[in-house]
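Have the structure open while reading.

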Amino acid sequence: MTHLTDVEIVDFLEDTLPPPRAAHLENCESCRRRTSDARDTLTRAIEADIPEPSPLFWDRFSEQVRDEIGETTASASAGWRQWLDHAGLRWAVSGAIIVALIAGAAWRVTAPTVQHTGVPAQPSARDVKPVPSGADVSIDDGLNADADPAWAVVRTLADEVPWSDSVEVGLAARPDAAERVADTLTSDERSELLRLLRAEIKRPGA
Amino acid sequence: MGLDAKGDGISSSTAADDRAIVDACLAGDSTAFDVIVERHRRQVYQLCFRYVGNHEDASDLAQDAFVRAFKGLKGFKGQSSLSTWLYRIAVNVCLNRVALKTPRAEALDPAERIDTRAERPDVTLLRAERAGEVRAAIRDLPPKQRATLILRVYHELPHEEIAAILGSSVGAAKANFFHALANLKKLLR
């Protein structure tokens with residue numbers, strides 16, 4: 001009969017070794033010694049207790065865990081906004097998004113309708129909505145900026161940028177900015193802009 | 001022998017209770033995790049203490065384990081008991097920490113409560129010294145043997161759960177346990 005393996009000695013210590021295998025110990029001094037040594041060490045290990053902290057420790061422990069979880073939760077929710085604390089990165093990204101939004105808005109105003117033939121159609125008079133005289137016309141009519149997710153991102157970012165920072169890095173409008181932008185518009189774009197401006201002027205409360 | 005040889009596994013009522021409290025945490029009940037901490041803090045702390053041998057590190061490790069448990073609550077599937085799941089996290093925290101830092105020597109802990117049972121002072125002192133020798137010897141065991149011995153002897157986890165925690169087979173866990181005892185005997189000579 002072969003000697004008990006390490007696993008079988010553990011099983012014997014825990015009273016799970018099948019009797020036929022356990023019977024080997026009756027005739028094997030070597031296995032009896034290994035088993036006895038393991039049992040003595042196990043007994044000594046079991047008796048080695050550890051000091052118990054005071055009750056105050058446990059109250060403080062739970063509190064510290066709670067605080068640490070609170071800090072972890074707070075930093076995780078603010079994580080995506082932490083980059084805003086870096087002013088340089090903030091204005092650079094804000095500026096890039098604002099430029100992209102202006103370009104997108106300009107494209108939206110001027111983009112022709114594409115017919116099924118694939119040839120871009122020229123806007124016809126029927127495509128232009130007439131401005132009702134005396135009606136309450138919003139300058140945002142048709143654009144619905146509040147529903148625009150890109151605009152929502154820009155507004156959120158811009159809220160975090162102090163005015164002094166935006167002026168300092170050139171994001172704020174300069175005195176001749178409107179004129180310079182108007183110079184770059186096509187004649188159709190200027191006509192549309194003029195229509196919007198007149199409608200805004202006529203709006204009650206403007 | 002003082003050990004639960006087979007282990008009962010998780011009872012259905014315990015499993016249901018674990019699931020309910022985890023669900024409450026995930027639903028946003030801020031007090032539910034406090035209950036988990038309160039129920040399991042002593043066991044987790046003791047595991048960490050036996051692993052590193054001093055109060056300060058054990059406290060840090062135990063707190064770290066609970067924070068990690070909170071972050072990973074969605075990963076609790078209920079396949080093991082919540083306590084076993086927490087032990088797994090605590091063992092990993094201990095294994096990672098021990099790999100990075102050299103262990104601090106065990107110092108007298110002013111927070112330690114003095115055993116006031118009626119026994120002779122010399123007996124108390126001898127018992128404390130022997131316990132200290134065993135704790136120091138356990139800390140000198142290889143990491144996985146140390147974890148195996150602590151989980152089996154002091155937390156009475158069945159070998160199947162120890163194997164799952166350490167990512168080994170049941171046979172390897174038992175062999176690890178035997179080698180831990182053999183090495184512990186050598187260290188205590």
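Is the crossing of H2(B) and H3(B) left-handed or right-handed? In this predicted model, the crossing of H2(B) and H3(B) is right-handed. On the H2(B) side, the contact includes Phe33(B), Ile36(B), Val37(B), His40(B) and Val44(B). H3(B) contributes, among others, Leu61(B), Ala62(B), Ala65(B) and Phe66(B). The residues of this contact divide into 15 nonpolar, three polar and two charged.

A second pair, H7(B) and H8(B), also packs, and the table sets out both geometries.

| Pair | Residues | Angle | Axis distance |
|---|---|---|---|
| H2(B) and H3(B) | 32-52 and 55-71 | about 135° | 8 Å |
| H7(B) and H8(B) | 159-166 and 170-187 | roughly 100° | within 8 Å |

The angle of about 135° between H2(B) and H3(B) makes H2(B) oblique to H3(B). H7(B) and H8(B), by their angle, are roughly perpendicular to each other. His159(B), Glu160(B), Ile162(B) and Ala163(B) of H7(B) meet Val170(B), Ala173(B), Lys174(B) and Phe177(B) of H8(B). That contact has five nonpolar residues, one polar and two charged.

Helix H6(B) covers residues 143-154. At 1.5 Å a residue, its twelve residues should span 16 Å, and the end C-alpha atoms are 16 Å apart, which agrees. Ten of the twelve are buried, so H6(B) is largely enclosed by the rest of the structure. Among the buried residues are Arg146(B), Leu149(B), Ile150(B), Arg152(B) and Tyr154(B). Glu156(B) follows H6(B) and has a positive phi, near 50°.

Technical notes:
Residues are numbered from 1 along each chain as its sequence is written. Chains are lettered from A and ligands numbered from 1 in the order in which they are written. This is a predicted model: local features need pLDDT of at least 70, side-chain atom pairs count only at pLDDT 80 or more; totals for chains, interfaces and linings use all residues. Side-chain values use heavy atoms; hydrogens and water are left out. Axes are lines fitted to C-alpha atoms, for helices over the stretch in contact, and angles run from 0 to 180 degrees between N-to-C directions. Helices (H or I, at least four residues) and strands (E, at least two) are DSSP runs, numbered from the N terminus. Angles under 35 degrees count as roughly parallel, over 145 as roughly antiparallel, 65 to 115 as roughly perpendicular and the rest as oblique. A crossing is left-handed if the near helix is turned anticlockwise from the far one by less than a right angle, and right-handed if clockwise. Contact means heavy atoms within 4.5 Å. Ala, Val, Leu, Ile, Met, Phe, Trp, Tyr, Cys and Pro count as nonpolar, Asp, Glu, Lys and Arg as charged, and the others, Gly among them, as polar. The expected span of a helix is 1.5 Å times one less than its number of residues. Buried means under 20% relative accessible area, exposed over 50%, partly exposed in between (1.4 Å probe, protein chains only).
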